[in-house]
Amino acid sequence: MGTEKRYYENPYARSIMALVTKIDGDKVYLNKTIAYPEGGGQPGDKGTLNNKEFIDTQKDGDLVYHLCPNNNFSVGDKLLLNLDWDYRYTYMKVHTAQHILSGILYNKFFVGTLSVHQGANILTIETDKENFDEQHCYFLENEANKSINRCEKISYREMDEDKAQKLTLRRSIKAHGLIRVVDIANVDSIACGGLHVENTGEVNYVLYVGQEIVRSHVRLLFKVGDEAKRTLRLMQTIVDELNVRHSAQAFELLDIDEKNTTKIIEFEKENRELTQLVANTVLTTFINKYKDVDVIISEDVSEYPFELSAFNDLVKSHDMALLFIKKIEDEIRWLIYLGPSYDYISLKNLKSELFSIVNAKGGGRPPLFQGKADNTETDKFLSSFRKLINEQKKE
Ligand SMILES: [Zn+2]
């Protein structure tokens, strides 16, 4: 005999006494239950059995089991089941909201629902359309809230499969035998084995929060009930904070943001130009310092407030061998440039004789190499570079 599914009889029952009929490890089977097993996009219920937590409810053929880790119940035990009511009630509301929205989509726009996700924080409906106008989304939201304000009763009809098929409901019927058809007046009729609230007023409110494209279809995103209100309050808090920061009204914020973005882009451009100017001066100073000998430059340029990459393009117009390092916290960055007179020196040579000194990592393509290294033995690293280039030259 199957588990008595009391959640259909009274979806508002929060507790029940039941007998253990079977134990299979963490799975506790009862003769009757009010805990809804996962199905139709609705998650399995949670709660307690004699104050011991169960974390999920699942179907097993005709039976329903409660996942209750580390229980020490035995067959024949009489248990008090208490539901995590907030959890369950949230899903009843979100699921009912999905019926209302999918029903209106179908009745007013001839738009079908391909898949849904009913989460505690978001409700998503994947439509069978490639695009769906924002204005239509607001109309849909409005119509759903009208149904909610009318506090329409949700009712049920049970009929055999043949009769149900003749109703031509918005979704084909996958179940067999006795079919349960859920009706929401003027809005939706569909075969569904899920749990719903008693009247649409309990959903309280739906809020359209955007759309995205999945599998070439528009997926609509909604917040439901308290979650919708939380979202609106959060938005208001953000706007209020920005109003204070910019001493501006909400409608001025977008303009201010655009102006600030333009300013940032200009500053960044100026900053890049100034950096290049300073980097070029630094480079020229070093070249002049070494110009009477072979131009082999190895210097610590940590004092300059820009990254080594500022030199990347500048070095290329000079014939020289160059190693720059820059200390950043407990590491260094290094940049090596080998101009035309030094292009016979391979990265392999550098790696075997130079990199091990500071545990250097990195690479590149001639004539430019760069990477990171440990911030130890940096003086030796710099002097060895000069020595290595000179030695290679003598050969
Ligand atoms: Zn349903």
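Select strands S7 (residues 56-60) and S8: five bridges join these two, and they run antiparallel. Strands here are DSSP runs of E with at least two residues, helices are runs of H or I with at least four, and both are numbered from the N terminus. Two strands pair if DSSP finds at least two bridges between them. This is a predicted model: local features need pLDDT of at least 70, side-chain atom pairs count only at pLDDT 80 or more, and totals for chains, interfaces and linings use all residues. Residues are numbered from 1 along each chain as its sequence is written.

Now click aspartate 60. Which residue is its bridge partner in S8? The partner is leucine 63. Look at the turn next. S7 and S8 form a hairpin with two residues between them. Glycine 61 sits in that turn, with a positive phi of about 65 degrees.

Valine 28 stands opposite histidine 66 of S8.

Next, select helix H6, residues 253-290. How many of its 38 residues are buried? The number is two, so H6 lies largely in the open. Buried means that 20 or more other C-beta atoms lie within 10 Å of the residue's own; exposed means 12 or fewer, and partly exposed is in between, with C-beta atoms placed from the backbone. Try the distance tool on the end C-alpha atoms of H6: they are 55 Å apart, in agreement with the 56 Å its 38 residues should span at 1.5 Å a residue. The expected span is 1.5 Å times one less than the number of residues.

Move on to helix H7, residues 347-358. Its twelve residues reach 16 Å from first C-alpha to last, close to the 16 Å expected. Asparagine 359 follows H7, and its phi is positive, near 55 degrees.

Zoom out and colour by domain. The assignment, automatic or from a database, gives domain 1 (4-83), domain 2 (89-233) and domain 3 (278-394). The C-alpha centres of domains 2 and 3 lie 65 Å apart.

Finally, show the whole protein. Its C-alpha trace spans about 100 × 60 × 40 Å along the principal axes. There are eight helices and 21 strands. Of the 395 residues, 27% are buried.
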